[in-house]
Amino acid sequence: MKNISILGATGSIGQNTLDLISRDRQKFKVVGLTGASNIELLAESAIKFKADVVATANDSKFHDLKEMLSGHQIEVCAGKNGVLEVASRQADWVMSSIVGSAGLLPGLKALEVGSNLALANKESMVAAGPIMKRMAKAKGVKLMPVDSEHSAISQVIRGEERSSLSKIIITASGGAFRDLTKADLIGVTPDQASMHPNWTMGQRITIDSASLFNKALEVIEAKELFDLSISEIEVLIHPQSLVHAIACFCDGGMKAHIGPPDMRHAIAYALYEEKRFNLPVDEVNLSEIGTLDFEKPDLSKYPALRLGFDVLQQGGLAGAAFNAAKEEALDNFLDYKLSFLGMADIVRATMEELTSKNLLSSEVELEAVIEIDLQARSVAKTFVEKI
Ligand code: NAD
Ligand code: MG
């Protein structure tokens with residue numbers, strides 16, 4: 001029996017993880033689940049999976065959640081500390097699927113208490129990859145990729161020698177607006193950006209997929225997870241979203257990972273620790289699909305991707321600042337205070353400002369990451385107010 005906790009259990013990744021657990025119930029015991037405002041789904045999941053402890057990140061929902069769970073032997077916590085409390089219950093496997101930088105401290109806490117961590121929350125690797133890796137190493141636990149591209153990378157490099165790897169190609173679907181020109185992107189709304197052609201995901205990652213901020217984060221995540229240098233990572237637009245990553249080797253050979261656009265494939269690969277589990281996913285019918293297309297991304301249409309490569313080059317605290325500025329820009333886009341293309345302008349201006357003040361070159365330590373996160377949000381906010 002494997003003890004499992006899910007940080008961000010009410011989201012798209014969290015619910016997909018519970019779906020897998022529901023198919024193999026006798027193998028898993030659910031220890032803790034966390035959510036935020038959707039306490040109905042949190043309570044329903046906690047009862048269904050007989051969790052020991054639950055937390056809502058939203059303090060004001062504590063009493064309602066407690067009432068929903070009255071009569072059940074389930075401990076209830078709330079607020080940031082409540083989420084950390086759940087993360088601090090040691091488990092064999094913890095899914096880190098809170099969205100955004102809010103996932104950093106809970107993920108780190110899970111590692112600290114000796115739990116293996118499945119990483120959907122890419123933001124924690126972007127902001128604090130070296131800290132996460134140091135903690136995992138110190139505690140002798142695993143960091144397992146869940147992002148589909150990173151799961152794919154782990155699958156194609158498995159059994160290969162690092163020295164024979166020359167490059168990793170990460171694919172990007174191009175998101176909601178891949179067929180639009182840069183001129184068409186002026187004036188697109190949050191609702192339009194929230195519709196992904198191939199994947200069903202939370203709203204924030206869906207919009208980040210349309211701007212390619214998601215791909216920028218993934219490039220940095222790949223560098224951290226697989227110790228790649230900037231020249232070893234390439235991004236190609238692949239509209240079919242079937243090839244998730246390709247490893248290129250020194251002898252000219254390439255290994256591509258093809259999988260259905262269903263996150264349960266990548267989650268299961270982490271959950272079963274690289275063993276394959278029989279999943280009810282749609283078969284990829286290659287003869288029906290016929291063609292797989294790949295093209296270089298137009299960096300003038302996708303300035304976010306260029307910024308991501310700049311961050312790779314810069315290192316230090318650039319990842320933490322980039323992610324925080326991106327989150328602030330996205331909040332403002334969702335509030336109709338910033339245009340779709342304006343998001344990259346704000347992030348670029350924020351990065352230039354922080355770089356000019358030499359604030360990004362420090363060592364990646366937790367206090368510095370938290371401090372630069374706050375500073376980047378505040379600088380980004382100032383730039384938005386000037387518009
Ligand atoms: P989602 O919006 O569907 O779910 C987010 C979860 O985080 C919910 O459980 C929510 O309650 C919780 N949450 C939100 N704000 C919180 C806060 N301040 N404190 C604590 N908990 C909070 O998001 P998602 O699509 O499931 O994505 C989750 C993470 O996985 C993100 O980092 C995303 O980039 C990554 N990811 C998602 C997919 C996907 O297919 N959905 C694929 C790859 C990676
Ligand atoms: Mg991805």
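**Ground rules.** I am working on a predicted model, where local features need pLDDT of at least 70, side-chain atom pairs count only at pLDDT 80 or more, and totals for chains, interfaces and linings use all residues. Residues are numbered from 1 along each chain as its sequence is written, chains are lettered from A and ligands numbered from 1 in the order in which they are written, and side-chain values use heavy atoms, with hydrogens and water left out.

**Cores.** Next I went for the nonpolar cores, meaning sets of buried Ala, Val, Leu, Ile, Met, Phe, Trp, Tyr and Cys residues joined through side-chain atoms within 4.5 Å. For burial I use relative accessible area: buried is under 20%, exposed over 50%, partly exposed in between, with a 1.4 Å probe and protein chains only. The largest core has 91 residues, and Met-132, Phe-322, Phe-340, Met-343 and Val-369 have the most contacts inside it. Helix 14 (residues 318–334) gives the most to this core, with nine residues. Helices here are DSSP runs of H or I with at least four residues, strands are runs of E with at least two, and both are numbered from the N terminus.

I then checked what Phe-322 touches beyond four places in sequence: the list includes Phe-213, Leu-217, Ile-220, Leu-307, Val-311 and Met-351.

**Magnesium.** Which residues are the protein donors of the magnesium ion (ligand 2)? I found Asp-147 (OD), Glu-149 (OE) and Glu-218 (OE), lying 2.1 to 2.2 Å from the ion. Donors are N, O and S atoms within 2.8 Å of the metal (3.2 Å for Na, K and Ca), and water is not among the atoms, so sites may look incomplete. Along the chain, the donors follow the spacing D-x1-E-x68-E. Asp-147 and Glu-149 are both buried.

**Salt bridges.** I ran the whole structure and got 30 of them, where one is a side-chain nitrogen of Lys or Arg within 4 Å of a carboxyl oxygen of Asp or Glu.

- Glu-234 pairs with Lys-296, closest N and O atoms 3.3 Å apart. Glu-234 lies in strand 9 (residues 233–237) and Lys-296 in the loop between helix 12 and helix 13 (303–314), so the bridge ties together parts that are 62 residues apart in sequence. Glu-234 is buried at 17%, whereas Lys-296 is exposed at 62%.
- Arg-348 pairs with Asp-345, again listed with closest N and O atoms 3.3 Å apart. They sit three residues apart in helix 15 (residues 342–356), which puts about one helical turn between them. Arg-348 is partly exposed at 29%, and Asp-345 is partly exposed at 42%.
- Salt bridges with shared partners join Lys-122, Asp-147, Glu-149, Lys-215 and Glu-218 into one network.
- Lys-337 meets Asp-335 at 4.0 Å, N to O. Lys-337 is exposed at 52%; Asp-335 is partly exposed at 47%.

**Ser-124.** Buried or exposed, I asked of Ser-124? Ser-124 is buried, with a relative accessible area of 1%, and lies in helix 6 (residues 122–139). Its side chain makes a polar contact with the side chain of Asn-121 at 2.8 Å. A polar contact is a pair of N or O atoms within 3.5 Å; within protein, one must be able to donate a hydrogen and the other to accept it, and residues adjacent in sequence count only if both atoms are side-chain atoms. Not counting residues up to four places away, Ser-124 touches Leu-104, Leu-119, Gly-129 and Met-132.

**Loop between helix 11 and helix 12.** Leu-279 is in this loop, which runs between helix 11 (263–271) and helix 12 (286–289), and is buried at 17%. Beyond four places in sequence, Leu-279 touches Leu-20, Arg-264, His-265 and Ala-268. Glu-274 is in the loop too, and has a positive phi of about 70° although it is not a glycine.

Note on methods: Contact means heavy atoms within 4.5 Å.
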